[in-house]
Each structure stands twice: as structure tokens, then as C-alpha cells.
Amino acid sequence: MLLDDKKVLVTGGSRGIGRSLCRVFAREGADVAFCYASNEEAARETERLIEDEDRAALARQADVGDREAARGLVETVTDEFGRIDVLVLNAGINRGSLFLRMPDEDWDDIMRVNVGGLYNVGKPVFQQMTRQRDGAILGITSISGIRSVPAGVPYATSKAAMIGFIKAIAREGGTVGLRANALAVGVVETDLASTIPERFLERYRDWCAQGRLGQPDETAELAAFLASERNSYMTGEVIVQDGGVVV
Ligand SMILES: NC(=O)c1ccc[n+]([C@@H]2O[C@H](COP(=O)([O-])OP(=O)(O)OC[C@H]3O[C@@H](n4cnc5c(N)ncnc54)[C@H](OP(=O)(O)O)[C@@H]3O)[C@@H](O)[C@H]2O)c1
């Protein structure tokens, strides 16, 4: 298995891509901890999916935009699991508004969660992995952080920020056994994707060689390999998974 006996932390594991990450990583042999914002019922379901794979599950409500909550989360996972081998920075939010008319709160909320969360969770995990002299960090980013596609301005900004974050920590952590990569996905059918206006989704299908949206499990399958030790000589990279979008 790709992640035999690994200890994994996934942010935003209650729904969407995060839930698939939790299930697939557990199937590949990992014990999986995850956090969520507020959806307790969905979190219980993810927990059940991990346990169905005969692996330990640890679910915690923790807002990644809240520094104290994020530090508490990392502390709990380290205490319970003894170490953190893999961190997937997945939690993220989007808003559908046009830049022209966007309320200030949309910018602030997206920056707080999507960018603040990188620091709030990423730093204590980076410190833990440095102590371990081993670890892999994977960021779930978007093609909107790389290309000019129809996307919310703060969202695209935050996803480009994740790429900078991953590249810089890959450099700083490289000599102490850390790897950090980003997986830039196109449109994946989740609740978050439902914030994208239908006319954009139609255009996306036209641009996409495979003519369809992605499924969360497809992203999780690739993520499991990218985070695994079989992917030992890749760091600071951005891998695109978008069904072949040509814009
Ligand atoms: N779907 C796409 O088309 C797409 C494309 C490119 C990149 N991505 C990226 O993939 C990641 C996951 O997206 P998704 O589509 O799976 O989203 P989703 O279906 O909306 O799920 C978001 C998950 O993140 C959690 N979350 C949200 N805010 C949080 C916070 N402040 N603290 C902790 N957890 C929080 C949610 O918890 P609750 O259930 O408690 O709300 C939920 O588990 C995001 O980073 C997104 O930018 C998605």
C-alpha cells in the first residue's frame, strides 16, 4: 500500500475532496486525522469511512483561519498519533461574487481561511516534521492560481499564494527530509464547485479534453501517490489535474 502505517492530517476532511482524501489514504494504510469547520454530521460520516478501512480516525472541529485552534489541532494529532508523516492542506472556501461588486468580507474571509490556514496549520506541522526529519506536505490548489480562467479574484489569489507557500517550504525543508508539492485541480464536483456560475461550468466542459468535471476520488487517488514515499524525488512542484483544459 502507498501509505502503510503513515499518520496523516487532512484539513477540511468532512466533505468534497477532503472526504475522498481521508477515505483513499485510509485504504492505502494510513491512520487519518482531519478537521472541519462546522459540519459535524458530515465529519461523522468521514470518520466512519476511515474506520471502514480498519484504520484509526480522528475528527476535530477546528477553523484553520484561527491560529490558536489550528495549533491546538496539530498538538492533539501529534499527541494522539505520535507523529505526522503527511499533511494535506485542503480546507478552502470560495465565493461566487464578481470582483467589481464583491463585498470586502469576501476578500477578508477567503484570505483568512485559504491563506491564513496555510500558516496556521503549516507552521506547527513543519516544525514537527523538522523534528522528525521526515514528512510530506501536499497543498490542494487550483488551476485558477496558475492560468487566467473564470474564477473569483480572491480565490485565485489565495490559490496562487498556496503555490508560493509550497515552493518556499520545499526549499527550506528539503535538506531536513521534507517534501512539499501542490496539486492544482480543475473543476471537481463538490459543494465548493456549486459556487461557480453554470455558464462558467459549460465553458469549462468545452475547454476540457475529457469534456467533464472531475470527481473527488480522482483527485484523492493522485494525491495518495504524490504524498507517498514512492514519490521520493519530487519537491516544490505543481502537478495539474484538470482533464486536459486548454484555454
Ligand atoms: N471543487 C473544486 O472544483 C476545486 C478546484 C480546485 C481546487 N479546489 C480546492 O480543493 C479544496 C477542497 O475543496 P472542495 O471542493 O472539496 O470544498 P468543499 O466541498 O466545500 O469542502 C470544504 C471542506 O473544507 C472544510 N472547511 C471549510 N472552511 C474551513 C475552515 N475555516 N476550517 C477548517 N475546515 C474548513 C469544510 O468543513 P465543513 O464541512 O465543516 O464546512 C469541508 O470539509 C479547497 O482548497 C479548494 O480550493 C477545489
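This is a predicted model: local features need pLDDT of at least 70, side-chain atom pairs count only at pLDDT 80 or more; totals for chains, interfaces and linings use all residues.
User: In what order do the elements of the chain run from the N terminus on?
Analyst: Helices (H or I, at least four residues) and strands (E, at least two) are DSSP runs, numbered from the N terminus. The chain has seven helices and seven strands. From the N terminus on, the order is β-α-β-α-β-α-β-α-β-α-β-α-α-β.

User: What radius of gyration does the chain have?
Analyst: The C-alpha trace spans about 45 × 40 × 35 Å along its principal axes. The radius of gyration is taken over C-alpha atoms, and the globule rule is 2.2 Å times the number of residues to the power 0.38. For 247 residues a compact globule would have a value near 18 Å, and the chain agrees with this at 17 Å.

User: What percentage of the contacts with a separation of 6 or more is due to residues 24 or more positions apart?
Analyst: Two residues are in contact if their C-beta atoms, placed from the backbone, lie within 7 Å. Among contacts in the chain with a separation of 6 or more, the share from residues 24 or more positions apart is 74%.

User: What percentage of the residues in the chain is buried?
Analyst: A residue is buried if 20 or more other C-beta atoms lie within 10 Å of its own, exposed if 12 or fewer, and partly exposed in between, with C-beta atoms placed from the backbone. Of the 247 residues in the chain, the buried ones make up 47%.

User: Which residue of E2 is the bridge partner of Val-8?
Analyst: Strand E1 (residues 7–11) has five of its five residues buried, with Lys-7, Leu-9 and Thr-11 on one side and Val-8 and Val-10 on the other. Two strands pair if DSSP finds at least two bridges between them; five bridges join E1 to E2, and the two run parallel. Within E2, the bridge partner of Val-8 is Val-32.

User: Which element gives the most residues to the shell around the ligand?
Analyst: A residue is near a molecule if its C-beta atom, placed from the backbone, lies within 6 Å of it. Of the 31 residues around the ligand, Gly-12, Gly-16, Asn-39, Gly-92 and Leu-192 come nearest. Helix H1 (16–27), strand E2 (31–36) and strand E5 (135–142) are the elements that give two or more residues to this shell. The most, three residues, come from H1.

User: Is Ala-70 buried or exposed?
Analyst: Ala-70 is found in helix H3 (residues 67–81). Leaving aside neighbours within four places in sequence, Ala-70 is in contact with Ala-62, Val-64, Gly-117, Asn-120 and Val-121. Because 25 other C-beta atoms lie within 10 Å of its own, Ala-70 is buried.

User: How many other C-beta atoms lie within 10 Å for Leu-226?
Analyst: Leu-226 has its place in helix H7 (residues 216–227). Not counting residues up to four places away in sequence, Leu-226 touches Leu-138, Asn-181, Leu-183, Asn-231 and Ile-239. Leu-226 is buried, and the number of other C-beta atoms within 10 Å is 21.

User: What phi does Asp-54 have?
Analyst: Asp-54 lies in the loop between helix H2 (40–52) and strand E3 (57–61). Asp-54 counts as exposed because there are 9 other C-beta atoms within 10 Å. Most residues other than glycine have a negative phi. Asp-54 is not a glycine, yet its phi is positive, at about 60°.

User: Is Arg-133 buried or exposed?
Analyst: Arg-133 is placed in the loop between H4 and E5. Although Arg-133 is not a glycine, it has a positive phi of about 55°. With 11 C-beta neighbours inside 10 Å, Arg-133 is exposed.

Methods
Residues are numbered from 1 along each chain as its sequence is written.
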